[in-house]
Amino acid sequence: HFHQYRRLLRGSAIARERLTTLDREIAEAERALTDAEAGTDTEVAAPAGSVAQRPPRRRAAPAHRSYRVFRSLGGQAIWVGRAGEDNAALTFQVARPHHLWMHARGVPGAHVVVPLDRGEEVGQETLLDAAHLALHFSRLAGEPRGEVAWTRARLVKRVKGGAPGQVTYSGEKVLSVRVEPSRIERLLRSREEASP
């Protein structure tokens, strides 16, 4: 019992030392995160004494651009997926978690993403423009009305075993849209032709 007691005592001292080091590293990381979110240009350095870690693995970009780019009335980019696999690539490889994601409600159609800065809210006109594109590139194309569900991209999940581009989502809001043909025409004219 004495030997076990001594071993536990030594382990306890090592654990306290590690805990102190981790507390210091957490405090440094929180400061760096606060600086990064505030948009300061300070360099984020590895905590003192820590081993340099390899950079996070980036998701592979698709070989071709998996989406079309349109511009809202205010000039905001709106990305529209092309088909099943391209919709999946747009949603899960291109879109960032804080981007706005849209889809015509209850029918097959294109995934639509509005790229936003972290914490930025979407403007009303951009929201309507993106909703019109979601309806236009769905089975509801040509209908006078439709509903569009929208949420943040981080709340969109793949359907296990589902077809490419088939997703579920949570935290959605629903926008009921009366289609304005002039808005659709303006948006289609704004399409950008670009290389992947």
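The structure is a predicted model, in which local features need pLDDT of at least 70 and side-chain atom pairs count only at pLDDT 80 or more, while totals for chains, interfaces and linings use all residues. Residues are numbered from 1 along each chain as its sequence is written, and side-chain values use heavy atoms, with hydrogens and water left out. The chain contains four helices and eight strands, where helices (H or I, at least four residues) and strands (E, at least two) are DSSP runs numbered from the N terminus.

**Overall fold**
- From the N terminus on, the order of elements is α-β-β-α-β-β-α-β-β-β-β-α.
- Of the 196 residues in the protein chain, 33% are buried (under 20% relative accessible area; exposed means over 50%, and partly exposed lies in between, with a 1.4 Å probe and protein chains only).
- Contacts (heavy atoms within 4.5 Å) between residues at least 6 apart in sequence join residues at least 24 apart in 63% of cases.
- The accessible surface comes to about 13100 Å², and carbon and sulfur atoms account for 52% of this area (Shrake-Rupley method with a 1.4 Å probe; for residues, only the protein chains shown count as cover).

**Largest pocket**
- The largest pocket has a volume of about 250 Å³; a pocket is an open set of points on a 1 Å grid over the protein atoms alone, with protein on both sides within 12 Å along at least five of seven lines, and lining residues have an atom within 4 Å of a point.
- Grid points are joined across faces, edges and corners, and the volume is the space filled by probe spheres set on the points.
- Among the 21 lining residues, His 103, Gly 109, His 111, Gly 165 and Gln 166 are the closest to the pocket centre.
- Helix H2 (84–94), strand S3 (100–104) and strand S7 (167–169) each give two or more residues to the lining, and S3 provides the largest share, three residues.
- The lining comprises 10 nonpolar, nine polar and two charged residues (Ala, Val, Leu, Ile, Met, Phe, Trp, Tyr, Cys and Pro count as nonpolar; Asp, Glu, Lys and Arg as charged; the others, Gly among them, as polar).

**Ser 72**
- Ser 72 is located in the loop between strand S1 (67–71) and strand S2 (77–81).
- Ser 72 is buried, with a relative accessible area of 5%.
- Not counting residues up to four places away in sequence, Ser 72 touches Ile 78, Thr 126, Asp 129, Arg 186 and Leu 187.

**Helix H4**
- Arg 183, Ile 184 and Leu 187 are buried in helix H4 (residues 181–189).
- These residues lie on the same side of H4 because they cover an arc of only 100° around the axis, taken from the directions from the helix axis to the C-beta atoms.
- Pro 181, Ser 182 and Arg 189 are exposed on the other side of H4.
- The cover over the buried residues of H4 includes S1 and helix H3 (124–136).

Technical notes:
On a 1 Å grid over the protein atoms alone, a cavity is a set of points where a 1.4 Å probe fits but cannot get out, and a pocket is an open set with protein on both sides within 12 Å along at least five of seven lines; lining residues have an atom within 4 Å of a point.
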